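Welcome to this tour! Open your viewer, get ready to select residues by number, and follow along one stop at a time.

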Amino acid sequence: MRNPEATKENILKKSGILFNTNGYKATSISDITDATGLTKGAIYRHFASKDDLEKETLAFMSEKLFLKLRAIVSSEKHAVKKLTAIFKFFESYITNPPLKGGCPLLNAAIESDDAHPVLRKEALKILTILRTSLITILQNGIDNKQIKADTDKAFFATLIIGALEGGIMMSKLEGNNTDICRITKHLQKQLDAIAL
């Protein structure tokens with residue numbers, strides 16, 4: 001007897017690799033049937049449309065990424081160390097990517113435009129989760145007198161995300177981790193300036 005949940009997870013895993021490496025638009029349902037060994041009908045029993053599959057796959061990949069990131073962050077007790085751990089996690093993206101194909105948020109954000117509102121909405125949701133998490137770490141740092149009270153949390157969270165995602169993009173294009181290392185070094189200096 002087949003396990004529908006295991007089948008769905010298999011579809012999400014295989015689709016995630018294809019979407020994250022080849023792109024959402026370039027990946028067809030036929031590519032997914034080839035990768036999974038399932039029929040189109042079997043795919044559509046689990047997902048209402050390709051848009052639905054793309055959205056759920058992005059959420060699935062992001063959750064896997066967030067689980068790894070949460071484990072690293074939760075092992076640290078100090079806000080500055082938590083943020084440093086995040087920098088190091090992203091710094092290792094080029095040499096040791098947690099997901100094949102790179103950052104799912106960055107890849108989806110680049111592809112999602114006004115013609116792809118479902119994917120854009122899911123990418124925005126993931127961005128919001130990431131930003132909120134960073135703001136929470138900063139606020140906890142302020143509350144625990146680890147970070148300066150006048151720190152603009154929203155600004156710093158935006159700076160972190162923009163710098164890290166930009167650094168990943170540049171390093172992927174260059175094929176080395178030079179740019180992301182420069183970015184994390186800069187972010188560490190910025191963090192040191194707001195640390196108590």
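Start by selecting E122 and K125: both belong to helix α7, three residues apart, which is about one turn of the helix. Keep in mind that this is a predicted model.

**Stop 1: a pair in α7**

Show the side chains of your selection. E122 and K125 form a salt bridge, with 3.8 Å between their closest N and O atoms. Side chains of opposite charge can pair when their charged atoms come close. Is E122 buried or exposed? With a relative accessible area of 6%, E122 is buried, because buried means under 20%. K125, at 47% relative accessibility, counts as partly exposed.

**Stop 2: a pair in α1**

Next, select residues 4–22, which make up helix α1, and find K13 and E9 there, four residues apart, or about one turn of the helix. This is another salt bridge, and here the closest N and O atoms are 3.5 Å apart. K13 is partly exposed, with a relative accessible area of 44%. E9 is partly exposed too, at 33%.

**Stop 3: R70 and E63**

R70 has 42% relative accessibility and counts as partly exposed. E63 is also partly exposed, with 36%. How many salt bridges does the count come to? It comes to seven.

**Stop 4: helix α9**

Select residues 178–194 to see helix α9, whose 17 residues reach 25 Å from the first C-alpha to the last, close to the expected 24 Å. Color its buried residues: D179, I180, T184, L187, L191 and I194. They sit on the same side of α9, because they cover an arc of only 130° around the axis.

**Stop 5: a surface patch**

Finish with M169, M170 and L173, which form a nonpolar patch on the surface. Together they have about 300 Å² of accessible area. One of them, M170, lies in helix α8, residues 153–174. M170 counts as partly exposed, with 38% relative accessibility.

Notes: Residues numbered from 1 in each chain as written. Predicted model: local features only at pLDDT ≥ 70, side-chain atom pairs only at ≥ 80, totals over all residues. Heavy atoms only, no water. Patch = residues over 30% accessible without salt bridge, like charges linked within 9 Å, V, L, I, M, F, W, Y side chains within 5 Å. Areas by Shrake-Rupley, 256 points an atom, 1.4 Å probe, with all protein chains shown as cover. Salt bridge = Lys/Arg side-chain N within 4 Å of Asp/Glu carboxyl O. Helix = DSSP H or I, 4+ residues; strand = E, 2+ residues; numbered from the N terminus. Buried < 20%, exposed > 50% of the residue type's maximum accessible area, 1.4 Å probe, protein only. Expected span 1.5 Å × (residues − 1). Arc of directions from axis to C-beta.
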